[in-house]
Amino acid sequence: MSAFAYRNRILHAEDVDLAQLADSVATPFYCYSAATLVERFGAFRAALPDGALIAYAVKANGNLAVLRTLAAEGAGADVVSGGELKKALAAGIAASRIVFSGVGKSAAEMALALEAGIHQFNVESEAELAVLDAVARAKGVVAPVALRINPDIDAGTHAKITTGTAASKFGIALPQAREAYARAASLAGIAIVGIDVHIGSQIATLAPFQAAFRRVVALAEDLRAQGHGIARLDLGGGLGIAYAGDAAVPNVDEYAAMVRRVLEGHDFAPVFEPGRAIAAPAGLLVSRVLYVKHAPERTFLILDAGMNDLLRPALYEAHHAIVRVRATDAPARRYDVVGPICESADVFARDRELPQTEAGDLVAFLDAGAYGATMASAYNARPPAAEVLVKGERWSVVRPRLTDDDLLASDRIPDWLR
Ligand SMILES: *Cc1c(COP(=O)(O)O)cnc(C)c1O
């Protein structure tokens, strides 16, 4: 059962009345359900092979309270910057359960991760390998490394979140993999521990995963035969969710069954990096309608949340279900649901059917727990939405909305302009 359900015709997050919460915490705000985070992480833990490292992708939702909730369930972390590494550590995730991904790690970020003693670096180029080797040797340590392989598989997702085709910047092309491993083996500051693949995000069918995993398993066995120490197989993240209620998206159990088929007869320590499938269903964005604007051809609902709070529709044409916080029997109408930002892209939904809605009404965007708050910006000098974590009947603001004065105070006027 969803943690977001109507009681007395008011949408609740667990036991918290969202209309009341909106009065306490000014809109817009993100609201996360701790129970859903635990349930979604638990689904991966139950379905994936025993002992697998489930390194939650911090970039999906890196709020410290979210990370701490997941850490308590045994989550590791997949980080893509020094900042995310610090957050994961601060949330209590052991360094030995942290993997570091990303195409552009700086030497300073590598040093930080080596000092912390992370589980593994997922290295994406020979150039990066050379820098990591130098940083590790300078510290007198050896960096545990998996090379991220680009298997040239189209994940069948939106072009802006596909990462495993030959045209993408991510990973080392399959035909160059053997050479890259030979190079890694020659470097004193590098210890090869495994192989890594991540072909994209919001992937809605199992076929591309399976094709990519089979290629990587075959390569891994090949590399082993050449004497490389491929103990770990990091299969990345990317499992999609049913944003539009489409039942076709595979669930965690189906994904895990496919993984078991691919791994059968092979002996690897598996690592997974799910982000969206854990965090997205655990969050809502709650916003208030500022104005209803009747134009000749359309009716606009103008919200107090904008693309600076929730970028996904503008960036990826993403669909989020939008519901009224107070259920109503009002007749259905068609609306363009938009934000206040001065950009034509600041549109959440076109021609969306909703019960008749008035200024002052509250709406909630469903499945907004991943790639929502983490992608927010202060564009148009609008401080991004606050974040609230709910657990049962308790709630807490886990990131306040900055004030205009906070934003103002972060700029500096140089002496020569005073
Ligand atoms: C973004 C990312 C993930 C998480 O992807 P989801 O689609 O959120 O599961 C995992 N691994 C890497 C390397 C990523 O860049």
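**A loop residue and its surroundings**

Author: Asn-8 sits in the loop between strand E1 (4-7) and strand E2 (10-13). Here helices (H or I, at least four residues) and strands (E, at least two) are DSSP runs, numbered from the N terminus. The model is predicted, so to speak plainly about limits: local features need pLDDT of at least 70, side-chain atom pairs count only at pLDDT 80 or more, and totals for chains, interfaces and linings use all residues. Residues are numbered from 1 along each chain as its sequence is written, and side-chain values use heavy atoms, with hydrogens and water left out.

Back to Asn-8. Its phi is near 50 degrees, a positive value in a residue other than glycine. Asn-8 is exposed, with a relative accessible area of 73%. The classes are these: buried means under 20% relative accessible area, exposed over 50%, and partly exposed in between, with a 1.4 Å probe and protein chains only.

Compare Gln-202. Its phi is also near 50 degrees, again positive in a residue other than glycine. Gln-202 belongs to the loop between strand E11 (190-196) and helix H8 (207-225). But Gln-202 is buried, at a relative accessible area of 16%.

Another backbone feature lies in a loop as well. The peptide bond from Thr-27 to Pro-28 is cis, with omega near -5 degrees. Pro-28 falls in the loop between helix H1 (18-24) and strand E4 (29-33).

Ala-166 is one more loop residue. It lies between strand E9 (143-150) and strand E10 (172-173). At a relative accessible area of 61%, Ala-166 is exposed. Leaving aside neighbours within four places in sequence, Ala-166 is in contact with Asn-150 and Asp-152. Contact means heavy atoms within 4.5 Å. From Ala-166 to Ala-57, 109 residues apart in sequence, the C-alpha distance is 23 Å.

Now the strands. Ala-364 is part of strand E19 (residues 362-365). Ala-364 is buried, and its relative accessible area is 0%. What does Ala-364 contact, leaving aside its neighbours within four places in sequence? The partners are Leu-11, Leu-284, Leu-285, Val-286, Ala-321, Ile-322, Val-323 and Val-325. Val-286 is 78 residues from Ala-364 in sequence, yet the two C-alpha atoms are 4.4 Å apart.

Next, the helices. In helix H4 (residues 82-90), the buried residues are Gly-82, Glu-84, Leu-85 and Ala-88. They cover an arc of only 160 degrees around the axis, which puts them on the same side of H4. That arc is taken over the directions from the helix axis to the C-beta atoms. Lys-86 and Ala-90 are exposed on the other side of H4. The cover over the buried residues of H4 includes helix H3 (64-71), strand E6 (76-79), strand E7 (98-100) and helix H5 (107-116).

Helix H5 holds Leu-114. Leu-114 counts as buried, at 13% relative accessibility. Not counting residues up to four places away in sequence, Leu-114 touches Phe-121, Leu-132, Val-135, Ala-136, Lys-139, Val-141 and Ala-143. Ala-136 is 22 residues from Leu-114 along the chain, with a C-alpha separation of 7.2 Å.

Helix H7 (residues 177-185) holds Ala-182. Ala-182 is partly exposed, at 43% relative accessibility. Its C-alpha atom is 10.0 Å from that of Gly-227, 45 residues apart along the chain.

Finally, the whole protein. It has 12 helices and 21 strands. The radius of gyration is 23 Å, close to the 22 Å that the globule rule gives for 418 residues, so the protein is as compact as a globular protein of that length. That radius is taken over C-alpha atoms, and the rule is 2.2 Å times the number of residues to the power 0.38. The C-alpha trace spans about 70 × 60 × 40 Å along its principal axes.

Of the 418 residues, 54% are buried. Among contacts with a separation of 6 or more, 68% join residues 24 or more positions apart.

The mean positions of the 41 positive and 48 negative charges are 1 Å apart. Lys and Arg count as positive, Asp and Glu as negative; His and the chain ends are not counted. Each charge is placed at NZ of Lys, CZ of Arg, CG of Asp or CD of Glu.
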